[in-house]
Structure formats: structure tokens, C-alpha cells
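Thanks, everyone. Please bring up the sequence and the model, and I'll walk you through a few spots.

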Amino acid sequence: MITITPDWLAEHDACAHGVAWATALLPPGGLVVDRADIVALWALAEGERRRDVREYAAWAARQIGGLVLHGADLTGADLHGADLHGADLTRADLTRVVLHGADLHGADLTRVVLHGADLRDADLRGAVLADADLTGADLTGADLRGAVLRGAVLRGADLTDADLRGAVLRDADL
């Protein structure tokens, strides 16, 4: 849990992420949020197709790890450097998402779509990418030690300098 105050927003450079309006909406003393609140934001963003809410939720996701976002549509989201270790993104659509340098170790990415995603230098140690579609993804320098890529589609993926020691690639389409 974190408490979002105007000072916290300023410290985390919220205005640069398109969420300047959030300061005006904060109650006195700030807003305490947890993972469930972020999931609710995603649901709102998906239901109303509101770009401003999606941008805020994407920014908030970078602040809190361990999210559960089953089937979320995060197409094109900028989550570079995000702390998503242990996150459950099963069946999420991460087409063209930017996860450059993100921490996804231990994350569940089963059946996720990562077409053209930027996963350069991402930490995917022990992540489960079973039946994931990584067609055209950039995994340059990614750490995939111990990752499960069983049945994953990696056609056109760039694995230059990726560390695949101990990774499970059974039935993967390379």
C-alpha cells in the first residue's frame, strides 16, 4: 500500500506521465491505494476506453509490483523500468508494450500476447511464458534464466545477448 499525496505525485514525476489532473482529485491527507485499486483503474479504463485513465493506471502499475491483471489490454503501454515482479498477467494483451529494463522475475505471463514488445534488458528470471506469443519481440539482453517458455511462439524475436540458461523451451516455436 502507498499513500498518494501531492508531494508523492511530484516526487514520482506524475505530471510527466500525463496524470497532473490526479492532484486535484486527491482527498485531504492523500489517497491510500493498493493493488486492488490499480486493478479497478484498469477495469474502468477498459470499460470506458479512457486514455487518461489508462495512462494513469499504467503509471501507477510502475509504482506497485505484484499486480493481478488477468486478460488486461495494455496494448502500447509504456511500462519501461516497471517493477512487475510476481505480477499475474495471464492472457493479457501486451502488443507493442514497452517493458525495457522492467522487473518481471517470477511473473505469470501464460498465454500473453507480446507482439513487437520491447523487452530489452528485462528481468524475466523464473517467469512463466507458457504458450505466450512473442512474435517480433525484442528480447535483446533479457535475463530469461529459468524462465518457462514451453509452447511459446518466438518467430522473429530478437534474442541477441539474452541469457537463456536453464530456460524451458520445450515445444517453443523458434
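Start at Thr-140. This is a predicted model, and in it Thr-140 is partly exposed, with a relative accessible area of 23%. The cut-off for buried is under 20%, so Thr-140 does not count as buried. Thr-140 lies in the segment after H4. What does Thr-140 touch, not counting residues up to four places away in sequence? The list is Leu-119, Arg-120, Asp-121, Asp-158 and Thr-160. Look at that last one. Thr-140 and Thr-160 are 20 residues apart in sequence, yet their C-alpha atoms are 4.8 Å apart in space.

Now the charges. How many salt bridges does the structure hold? There are 9. Take Arg-111 and Asp-131, with N to O at 4.0 Å. That pair links distant parts of the chain, 20 residues apart, and each partner is in the segment after H4. Arg-111 is partly exposed at 42%. Asp-131 is also partly exposed, at 44%.

Next, Asp-163 with Arg-145. Their closest N and O atoms are 3.7 Å apart. Arg-145 has a relative accessible area of 34%, so it is partly exposed.

Then Asp-173 with Arg-155, at 2.7 Å between the closest N and O atoms. Again the pair links distant parts of the chain, 18 residues apart. Asp-173 is partly exposed at 31%, and Arg-155 is partly exposed at 45%. Shared partners also build a network: salt bridges join Asp-123, Arg-125, Asp-143, Arg-145, Asp-163 and Arg-165.

Asp-88 is another case. It sits in the segment after helix H4, which spans 51–63. Asp-88 is buried, yet has no salt bridge. The nearest side chain of opposite charge is Arg-91, 9.1 Å away. The cut-off for a salt bridge is 4 Å, so Arg-91 is out of range. What does the side chain of Asp-88 make a polar contact with? The side chain of Thr-90, at 2.6 Å.

On to the core. The largest nonpolar core has 38 residues. Leu-114 and Leu-134 have the most contacts inside it. Beyond four places in sequence, Leu-114 is in contact with residues including Leu-94, Val-97, Leu-99, Leu-129 and Leu-134. Asp-133 and Thr-135 are among its contacts too.

Last, confidence. The average pLDDT is 77, and 60% of the residues score at least 70. Over residues 15–21 the pLDDT is below 50, though the model gives that stretch 13 contacts beyond near neighbours in sequence. Residues 42–48 also stay under 50, with 12 contacts beyond four places in sequence. Where pLDDT is low, the predicted coordinates should not be read in detail.

Technical notes. Residues numbered from 1 in each chain as written. Predicted model: local features only at pLDDT ≥ 70, side-chain atom pairs only at ≥ 80, totals over all residues. Heavy atoms only, no water. Core = buried A, V, L, I, M, F, W, Y, C linked by side-chain atoms within 4.5 Å. Buried < 20%, exposed > 50% of the residue type's maximum accessible area, 1.4 Å probe, protein only. Contact = heavy atoms within 4.5 Å. Helix = DSSP H or I, 4+ residues; strand = E, 2+ residues; numbered from the N terminus. Lys, Arg positive; Asp, Glu negative; His and termini not counted. Polar contact = N/O pair within 3.5 Å; in protein donor to acceptor, adjacent residues only side chain to side chain. pLDDT = per-residue confidence, 0-100.
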